[in-house]
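Take a look at the model below.

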Amino acid sequence: MILNADYGEPTDPVVTIRMTKRQAEWASAGLADMACWVRGFNAALKDGESDRSPLGLSEIRELNIALKKALEASE
């Protein structure tokens, strides 16, 4: 799912999270670190161990993209 209101249904309510630019940059950096860790963990898994793979990588990635777009728009 793309985390951008432009890709939602027109009748879907929009949610806003208020934070400072510094807080958003901090959260974005943490999400990027977490995504790198998950990708590294997944790369180290042996065949047949995919059930040990952490969930949520696509959600982390999409949330970080949404934060980065909001940061760009704030400049």
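Helices here are DSSP runs of H or I with at least four residues, numbered from the N terminus. The model is a predicted one. N64 is found in helix 2.

Start with the length of that helix. Helix 2 covers residues 57-73, which makes 17 residues. At 1.5 Å a residue, it should span 24 Å.

Now turn to its buried side. The buried residues of helix 2 are L57, I60, E62, N64, L67 and L71. They pack against helix 1, residues 21-44.

Two of these residues show where the packing happens.

| Residue | In contact with |
|---|---|
| N64 | S28, L31 and A32 |
| L67 | M19, A24, A27, S28 and L31 |

Is N64 buried or exposed? N64 has 8% relative accessibility. Buried means under 20%, so N64 counts as buried. The N64 side chain also has a polar partner: it makes a polar contact with the side chain of S28, at 2.5 Å.

L67 belongs to the largest nonpolar core. Which residues make up this core? There are eight: A24, L31, A35, V38, L57, I60, L67 and L71. Helix 1 and helix 2 are the elements that give two or more residues to this core. In soluble globular proteins, nonpolar side chains tend to be buried together.

Note on methods
Residues are numbered from 1 along each chain as its sequence is written. This is a predicted model: local features need pLDDT of at least 70, side-chain atom pairs count only at pLDDT 80 or more; totals for chains, interfaces and linings use all residues. Side-chain values use heavy atoms; hydrogens and water are left out. The expected span of a helix is 1.5 Å times one less than its number of residues. Buried means under 20% relative accessible area, exposed over 50%, partly exposed in between (1.4 Å probe, protein chains only). Contact means heavy atoms within 4.5 Å. A nonpolar core is a set of buried Ala, Val, Leu, Ile, Met, Phe, Trp, Tyr and Cys residues joined through side-chain atoms within 4.5 Å. A polar contact is a pair of N or O atoms within 3.5 Å; within protein, one must be able to donate a hydrogen and the other to accept it, and residues adjacent in sequence count only if both atoms are side-chain atoms. Lists of a residue's contacts leave out its neighbours within four places in sequence.
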